[in-house]
Amino acid sequence: MPSQQPQQSQASRTPARRRQRSTRLAVAVALLAIAAVVVVGALVSASALLTSVAAVLALVLGAAATRITHSELMQARRDAAQDRAAQAQAYRALAEERAAETDAFAADMTRRILEREEAIDVLEQALSSAQKNAAEQTLKRGQEARRADAAERGLSAAHAGRDDAEGRAAEAIVLVAELEAELDVVRAEVDSLRAAAARRKHSA
């Protein structure tokens with residue numbers, strides 16, 4: 001992952017930096033120790049010439065130690081700035097990746113919701129047509145029943161027509177019930193998808 005790679009590279013660079021830093025600081029301390037030893041030796045000898053030389057040498061060694069310490073401090077600041085920049089770059093890449101994943105999820109959820117809404121429209125049209133057909137068949141059944149009751153002749157044919165109309169009306173009623181059940185299922189799926197999309201958006 002993007003955030004792990006910069007951390008690993010930073011961890012690999014840290015021991016080398018510490019070794020280099022320890023070496024430089026050890027050199028600076030050694031220079032100060034040498035300067036101290038030279039000054040103490042000159043003072044013990046009580047020689048003005050040696051004391052002057054020791055003072056100049058101590059000044060030079062002290063300046064060199066200060067220079068080394070200052071360069072080490074500046075290098076440490078530069079390293080810290082580079083580490084912070086690399087970490088910020090890694091976090092930005094991770095944020096962009098998460099934003100892309102969120103956008104892809106939202107697009108997929110929107111597509112699925114649109115598909116379910118189209119299915120609902122188709123089922124509603126089929127349900128309306130089935131209801132209309134059921135009403136027509138019910139009306140026809142009533143007409144056949146009235147004809148059967150009023151007709152004295154052709155009674156057997158009237159009964160057959162009425163039975164057929166009743167069968168078609170029953171089939172139409174069953175179809176309406178099935179379509180209503182399927183429509184309820186699709187609507188429940190749409191509600192679930194919208195709730196999932198809302199939870200994902202809220203958590204993001």
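These questions and answers go through a predicted model, from its overall fold to one salt-bridge network.

Local features need pLDDT of at least 70 and side-chain atom pairs count only at pLDDT 80 or more, while totals for chains, interfaces and linings use all residues. Residues are numbered from 1 along each chain as its sequence is written, and side-chain values use heavy atoms, with hydrogens and water left out.

Student: Which pattern does the chain follow along the sequence?
Tutor: Helices (H or I, at least four residues) and strands (E, at least two) are DSSP runs, numbered from the N terminus. The chain has three helices and zero strands. Read in order, the pattern is α-α-α.

Student: What share of the contacts with a separation of 6 or more joins residues 24 or more positions apart?
Tutor: A contact means heavy atoms within 4.5 Å. Of the contacts in the chain at that separation, the share is 84%.

Student: What percentage of the residues in the chain is buried?
Tutor: Buried means under 20% relative accessible area, exposed over 50%, and partly exposed in between (1.4 Å probe, protein chains only). The chain has 204 residues, and the buried part is 19%.

Student: Which element has the highest mean pLDDT?
Tutor: pLDDT is the predictor's confidence in each residue, from 0 to 100. The chain averages 77, and 82% of the residues score at least 70. Helix H1 (residues 4–45) has the lowest mean, 69. The highest, 83, belongs to helix H2 (residues 48–150).

Student: How many contacts beyond four places in sequence does the model have for residues 1–12?
Tutor: pLDDT stays under 50 over this stretch. The model's count of such contacts there is eight.

Student: How far apart are the end C-alpha atoms of residues 49–68?
Tutor: UniProt, in an unreviewed entry, places "transmembrane region" at residues 25–43 and 49–68. Its positions follow the numbering used here, feature names are shortened, and annotations may be inferred rather than shown by experiment. Residues 25–43 are 100% helix, with end C-alpha atoms 27 Å apart. Residues 49–68 are also 100% helix, and their end C-alpha atoms are separated by 28 Å.

Student: How many salt bridges does the count come to?
Tutor: A salt bridge is a side-chain nitrogen of Lys or Arg within 4 Å of a carboxyl oxygen of Asp or Glu. Side chains of opposite charge can pair when their charged atoms come close. By this rule the count is five.

Student: How far apart are the closest N and O atoms of Arg111 and Asp108?
Tutor: The two residues are three apart in helix H2, so about one helical turn separates them. Arg111 is partly exposed at 41%, and Asp108 is partly exposed at 28%. Their salt bridge has its closest N and O atoms at 2.6 Å.

Student: Which residues do salt bridges with shared partners join into one network?
Tutor: Arg111 also meets Glu115 in a salt bridge, 2.9 Å from N to O. Glu115 is partly exposed, with a relative accessible area of 36%. The network joins Asp108, Arg111, Arg112 and Glu115.
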